[in-house]
Amino acid sequence: MIWAAGFALVAAALTVVKLAPGASPAGSASSQAAAAAPAPMFPLFARKDGHLYDYEPKGTGGVKASVDLGAGFADATAIIQSNVSAGGTGNDLYYRMEGKLYYTAEEGADTKLLGGGWDTYTCLASVGNMGGTGEPELIGRDSAGALWMYQGKPDGSFEPRIRIGTAGWNGMDRLAGRGDFTGDGKNDLIARGADGTLYIYPGTGNAIEDATLGNRITVGKGWDAYKQIVSTGDNDGDGKADLIASDAAGALWLYKGTGNPSAPFAAKGQIGTSGWAAFDALF
């Protein structure tokens with residue numbers, strides 16, 4: 001990565017993620033229609049033993065061999081990948097450490113402190129441009145179970161937060177996004193309930209309090225078989241956003257997106273045979 005050398009300068013002070021588990025906000029199935037723009041393709045980042053690893057996409061499904069970006073990543077309580085710099089093409093990172101949130105651009109050598117108080121969130125996730133500003137958003141779940149969205153700015157900072165979910169989000173133990181999974185051209189939120197049910201919350205494209213997410217779509221049960229669930233956009237190059245999941249045995253799986261809200265993912269395909277259970281974070 002271009003920013004790796006610059007990030008190494010602050011690696012001793014900043015470090016990585018473990019999202020806290022959290023019972024499920026109610027909702028009903030949603031139907032959407034429309035042609036979506038091709039989904040962007042992002043690398044897969046992972047952490048193990050304090051090291052951060054970059055897995056670039058092959059472009060046809062799966063990832064290339066890892067590049068070790070360095071050690072010193074063991075202490076941060078959240079780390080999130082987002083595409084802010086270089087006109088939205090940079091693979092940038094947000095970090096939380098001791099309640100403070102930091103931002104490092106891929107092409108930058110400096111880390112920017114965005115502010116304190118971020119330890120109020122038990123989970124942080126990047127969802128891409130969900131609010132219609134053109135910049136990617138950050139979503140946080142607070143300890144009371146409410147969900148908040150921070151609209152991004154071109155310099156990596158944020159607009160004041162907007163509440164997008166009132167309660168019940170503590171029942172979700174995974175949040176992911178960075179893609180349109182319903183085919184309507186708007187980025188959506190993926191959430192897994194504590195019972196293993198996976199849901200899609202369609203984005204409305206509106207940065208309006210309690211109206212940013214539409215009625216949820218139930219994808220299916222059994223997703224508690226996975227230790228990690230993450231989206232890196234379009235992994236296989238077909239223009240549709242996909243999901244990547246690692247299981248307890250250490251295998252890595254790709255769920256190709258279909259763009260069809262009634263059947264949003266094709267049957268899973270294995271893209272990694274072993275060792276992935278050793279990572280305590282995929283993002």
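Here is a walk through this predicted model, from the whole chain down to a few single residues.

A word on ground rules. This is a predicted model, so local features need pLDDT of at least 70 and side-chain atom pairs count only at pLDDT 80 or more, while totals for chains, interfaces and linings use all residues. Residues are numbered from 1 along each chain as its sequence is written, and side-chain values use heavy atoms, with hydrogens and water left out.

Start with the overall make-up. The chain has two helices and 20 strands; these are DSSP runs numbered from the N terminus, with helices being H or I of at least four residues and strands E of at least two. Of the 283 residues, 55% are buried, where buried means under 20% relative accessible area, exposed means over 50%, and partly exposed is in between (1.4 Å probe, protein chains only). The chain exposes about 10800 Å², and carbon and sulfur atoms supply 51% of that. Those areas come from the Shrake-Rupley method with a 1.4 Å probe, and for residues only the protein chains shown count as cover.

Now pick out one sheet. Strands of a sheet pair through backbone hydrogen bonds, either parallel or antiparallel. Here, an open sheet of four strands runs in the order β4-β5-β6-β7, with antiparallel pairing. Its edge strands are β4 (78-82) and β7 (111-115), each of which pairs on one side only. From one strand to the next, the twist averages 25°, taken between axes that are lines fitted to C-alpha atoms (for helices over the stretch in contact), with angles from 0 to 180 degrees between N-to-C directions. Inside this sheet, β5 (residues 92-97) and β6 (residues 100-104) share five antiparallel bridges; two strands pair if DSSP finds at least two bridges between them.

Next, the rings. The structure holds 20 aromatic pairs, meaning rings of Phe, Tyr and Trp (its six-membered ring) with centres within 6.5 Å; planes under 30 degrees apart count as stacked, over 60 as edge-to-face and the rest as tilted. Tyr-55 and Trp-276 make a tilted pair, 4.7 Å centre to centre with 45° between the planes. Tyr-55 sits in strand β2 (residues 51-55) and Trp-276 in the loop between β19 (269-272) and β20 (281-282), so the pair ties together parts that are 221 residues apart in sequence. Tyr-55 is buried at 11% relative accessibility, and Trp-276 is buried at 7%. Another tilted pair, Trp-223 and Tyr-226, has 5.7 Å between centres and 55° between planes, and both residues are buried. There is also an aromatic cluster made up of Tyr-94, Tyr-103, Trp-118, Tyr-121, Tyr-150 and Phe-158.

Finally, zoom in on two residues. Gln-228 is in strand β16 (residues 226-230) and is buried, with a relative accessible area of 7%. A polar atom of the Gln-228 side chain lies 3.1 Å from the backbone oxygen of Asp-280. Leaving aside residues up to four places away in sequence, Gln-228 touches several others, including Arg-174, Ile-244 and Phe-279; contact means heavy atoms within 4.5 Å.

Thr-120, by comparison, is found in the loop between β7 and β8 (121-128) and counts as partly exposed at 34% relative accessibility. Thr-120 and Arg-141 are 21 residues apart in sequence and 8.3 Å apart in space, C-alpha to C-alpha.

Terms used: A polar contact is a pair of N or O atoms within 3.5 Å; within protein, one must be able to donate a hydrogen and the other to accept it, and residues adjacent in sequence count only if both atoms are side-chain atoms.
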